Amino acid sequence: MTAFENKIVIVTGGSHGIGKGVATAFAEKGASVIIADVDEESGETVERALRSKHYKAHFIRTDVKNEESVRTLVNKTIEKYAAVDILINNAGISKFHSFFEMTLDDWNEVIDTNLKSVFLCSREAAKHMKESGGSIVNIASTRAFMSEPDTEAYSASKGGIIALTRSLARTLSPYRIRVNSISPGWIEVNDYEGLRDTDHEQHLSKRVGKPADIGKGCLYLADPANDFVTGENIIIDGGMTRKMIYEE
């Protein structure tokens with residue numbers, strides 16, 4: 001029996017990429033996983049794939065930007081399982097716009113999807129974690145610390161997630177709810193085999209990351225045995241941000 005056997009885990013953005021990897025990691029450990037995503041087709045596909053392996057998974061269509069949709073997600077989870085033990089705030093979009101041409105709608109779309117969603121989902125889930133404790137893990141990014149041009153909205157959203165993580169850890173500590181974040185680096189979610197040797201060599205680990213690498217980090221942070229870890233941000237990037245690169 002694992003630490004996650006029969007635990008109830010919500011993974012936002014769970015139908016693609018990192019979220020799919022995280023959902024799979026918890027399902028493999030015996031958790032009941034709620035896949036929350038706006039993409040119904042992909043969400044139901046992930047649900048079927050996990051259930052075909054006799055894992056416990058359930059898809060709930062959710063628009064994490066929308067307060068009522070988030071409430072519905074948590075309420076449906078409570079109706080089905082009577083608890084929320086772990087929340088992984090993974091949902092996000094990577095949209096980059098020219099700084100001089102970016103509209104307020106462009107800005108709000110990224111901030112609402114990436115940052116406001118963390119506030120909404122954490123607030124609603126924490127209401128049901130207050131009695132028995134729990135764990136919240138927020139997925140940020142190394143772009144909170146290092147940037148490329150025209151990534152203002154995305155970088156701000158990810159930096160905000162880290163700041164919000166620290167604040168939530170303090171606010172929710174009386175209820176034994178731990179809050180941490182992970183800042184992934186380059187995690188290839190599409191064509192791993194198509195990567196170049198130079199792509200892998202940019203990392204101290206000598207390889208680009210995979211969704212499963214972030215899944216492992218989430219398992220560590222959510223494990224009750226690691227209850228001394230809260231308010232922390234863990235960078236999982238194969239050492240890429242520790243390497244000085246002068247040539248592309």
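Biologist: Where is the place of Lys206 in the chain?

Modeller: Lys206 is placed in the loop between helix H6 (197–201) and helix H7 (211–222). Please note that this is a predicted model, in which local features need pLDDT of at least 70 and side-chain atom pairs count only at pLDDT 80 or more, while totals for chains, interfaces and linings use all residues. Residues are numbered from 1 along each chain as its sequence is written, and side-chain values use heavy atoms, with hydrogens and water left out. Helices (H or I, at least four residues) and strands (E, at least two) are DSSP runs, numbered from the N terminus.

Lys206 has a positive phi of about 70°, although it is not a glycine. With a relative accessibility of 47%, Lys206 counts as partly exposed; buried means under 20% relative accessible area, exposed over 50%, and partly exposed in between, with a 1.4 Å probe and protein chains only.

Another lysine, Lys210, lies over the face of Tyr192, at 4.7 Å from the ring centre. A charge is said to sit over a ring if NZ of Lys or CZ of Arg is within 6 Å of the ring centre and within 35 degrees of the ring normal.

To place these details in the chain, consider its outline. The secondary structure comes to 7 helices and 7 strands. Read from the N terminus, the elements follow the order β-α-β-α-β-α-β-α-β-α-β-α-α-β. Along the principal axes, the C-alpha atoms of the chain fill a box of roughly 55 × 40 × 40 Å. Of the 248 residues, 48% are buried. A contact means heavy atoms within 4.5 Å. Among contacts between residues at least 6 apart in sequence, 68% join residues at least 24 apart.

Pairs of rings come next. Rings of Phe, Tyr and Trp (its six-membered ring) pair if their centres lie within 6.5 Å; planes under 30 degrees apart count as stacked, over 60 as edge-to-face and the rest as tilted. A search of the whole structure finds 3 aromatic pairs. One of them joins Phe96 and Tyr154 edge-to-face, with 5.6 Å from centre to centre and 80° between the planes. Phe96 lies in the loop between strand S4 (86–89) and helix H4 (104–129), and Tyr154 in helix H5 (residues 152–172), so this pair ties together parts that are 58 residues apart in sequence. Phe96 is partly exposed at 39% relative accessibility, whereas Tyr154 is buried at 10%. Phe99 and Phe100 also form a pair: their ring centres are 5.4 Å apart and their planes are at 70°, so the arrangement is edge-to-face. Phe99 is partly exposed, with 47% relative accessible area, and Phe100 is exposed, with 77%.

Asn90 is found in the loop between S4 and H4. At 11% relative accessibility, Asn90 counts as buried. Not counting residues up to four places away in sequence, Asn90 touches Thr12, Gly13, Ile18, Gly19 and Ile139.

Leu172 belongs to helix H5 and is buried, with a relative accessible area of 9%. Leaving aside neighbours within four places in sequence, Leu172 is in contact with Ala126, Ile136, Ile177 and Val179. Leu172 and Ala126 are 46 residues apart in sequence, yet their C-alpha atoms are 8.0 Å apart in space.

The cysteines complete the account. A disulfide is a pair of cysteine sulfur atoms within 2.5 Å, and by this rule the count is 0 disulfides. The closest cysteine sulfur to that of Cys121 is in Cys218, 14 Å away, which is too far for a bond. Cys121 is buried, at 2% relative accessibility. Cys218 likewise is in no disulfide, since the nearest cysteine sulfur, that of Cys121, is 14 Å away. The relative accessibility of Cys218 is 0%, so Cys218 counts as buried.
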